[in-house]
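Here's a quick tour of a few spots in this model. Have the sequence and the 3D view open as you read.

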Amino acid sequence: MSFKLRFAILFSLSVFVILTISAIYIIILNEEFRRDEFYNRLEAEGKKVSNVFFNGKNDRKWQPDSALLYIQTTIPEEKVAVYDSVLKPLYTSQGGDNIALQPGDFTNAKERSVFYFTKNKREHVVLYRDQPFEHYVAISGFDKYGRSKANNLFIILIFSILGGLFLSAFLAFFYVKQILKPLNQLKLRMQHINEKNLMERLDVGTSKDEISQIANNFNAMLNRLENSFDTRKSFVQHASHELRTPLANMLSQTEVALNQDLTKEQYRRILQSLKEDQQDMISLTNSLLLLSQYETLTSIEDWRDIRIDELVYETIDITKNVYRNAVISVDFEEVPDDEQLLIFKGNEMLIKSAFQNLIRNACNYSEDNLVTIAIKAETTRIVLHFNNRGRQLSAEEQQRLFIPFFRGDNSTNKKGFGLGLSIVQRILSLHHAQVSYSALENNLNRFTVILPK
């Protein structure tokens, strides 16, 4: 079922419910008004009968004169009966003795002066009067015209509901079609965009309606998809290149070893070279797996508190086992009075891996084997600077610094795959932290890490 048809049906049902409830309310009010109006007519007729019947006489034995027969009545199918205080009939009109009355009706009339009730589609009124002496007047009638009007009103309301239902369905379908027209155009443009033309964007226009918001969100999604596709494409290309190089070297050396008679020492050198290539492949594979693992991680709520300065010292000890000539120092820009300022909530192993990559990167590209780490603990964040002196990156290289497999011109003749900083950025992004590079004076390279508290 299409959205237009479903909306038209739901809207029509809503209109039908509203019209039906309104019609029922109108019928109930009309019935109450009709009944009250007819009761008032019966009551007035009963008083007139009482006045004409006794004609100001106080004689209980007086019988109605001919004047009672000339009362002008407008009550359809009227029945009248007059009773004395002991419920003895004094007068009954034609059919008046058939008025269905119960002793309780006279009791209610005496208590209230007048008592109304409806029975067998006829309205009844019982009047109690004490002048010229106690007596009761019972009058009954059939509201022929009022009920006819009520029936006509009922038929009019039924046709009004049906007409309103069909009209609302037609208007709902028409209006929904007009409202969805720009959305249908948007759908057609969306269908035209695929993985081959992700650079295309939807026309947002100048309006601020919901359609423009959908177009904006769709364009933002396309931007994310395009960036993701470009990143994946670049990642696959660089990974293929990095894997192809050691594999080609291993294949060429293996062919040389198989096609030539070499000495034992030459075989040893080839095997040693193959071992180095294998170690490089293992390192590259582990880095790729690690980066892929971090790409799928999300924030974890049960991370525990980490003492950042202690974690930095532990990372330095591990790094010195590899870079024995490096001099790594730690300075506090301002020693915090409260040790809690150095506490950060996160994953200890991941943060340690990020710090280790930054320290190794500083050691690799340091000209004097000197690395300094500055820590500044603030109320809302912890700032760490990883500094080393060496060749600095150009502005263009800085923009591509955290792209997987990117290596600057200063990485010539240095081992590596260009994945370390990508891993660092992913780990810190997972912790809602930031990392940035700055080229300062005197060939000073600085990586700044900001950990939010």
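In this predicted model, the residues of α7 that end up buried are Leu350, Ile351, Lys352, Ser353, Ala354, Phe355, Gln356, Leu358, Ile359, Asn361, Ala362 and Cys363. That's 12 of the helix's 17 residues, so α7 counts as mostly covered. From its first C-alpha to its last, α7 reaches 24 Å, close to the 24 Å you'd expect at 1.5 Å a residue.

| Element | Residues |
|---|---|
| Helix α1 | 3–54 |
| Helix α3 | 144–192 |
| Helix α7 | 348–364 |
| Strand β10 | 381–389 |

Now for strand β10, where Asn387 sits. Is Asn387 buried or exposed? Its relative accessible area is 7%, and because buried means under 20%, Asn387 is buried. What does the side chain of Asn387 pair up with? There's a polar contact of 2.8 Å between it and the side chain of Arg446. Leaving aside residues up to four places away in sequence, Asn387 touches Leu370, Val371 and Thr372, along with Leu444, Asn445 and Arg446.

Last, a helix pair. α1 and α3 pack with their axes 8 Å apart, at an angle of about 160 degrees. Angles over 145 degrees count as roughly antiparallel, and therefore that's the label for α1 and α3. As for handedness, the crossing in which α1 passes α3 is right-handed.

How values were computed: Residues are numbered from 1 along each chain as its sequence is written. This is a predicted model: local features need pLDDT of at least 70, side-chain atom pairs count only at pLDDT 80 or more; totals for chains, interfaces and linings use all residues. Side-chain values use heavy atoms; hydrogens and water are left out. Helices (H or I, at least four residues) and strands (E, at least two) are DSSP runs, numbered from the N terminus. The expected span of a helix is 1.5 Å times one less than its number of residues. Buried means under 20% relative accessible area, exposed over 50%, partly exposed in between (1.4 Å probe, protein chains only). A polar contact is a pair of N or O atoms within 3.5 Å; within protein, one must be able to donate a hydrogen and the other to accept it, and residues adjacent in sequence count only if both atoms are side-chain atoms. Contact means heavy atoms within 4.5 Å. Axes are lines fitted to C-alpha atoms, for helices over the stretch in contact, and angles run from 0 to 180 degrees between N-to-C directions. Angles under 35 degrees count as roughly parallel, over 145 as roughly antiparallel, 65 to 115 as roughly perpendicular and the rest as oblique. A crossing is left-handed if the near helix is turned anticlockwise from the far one by less than a right angle, and right-handed if clockwise.
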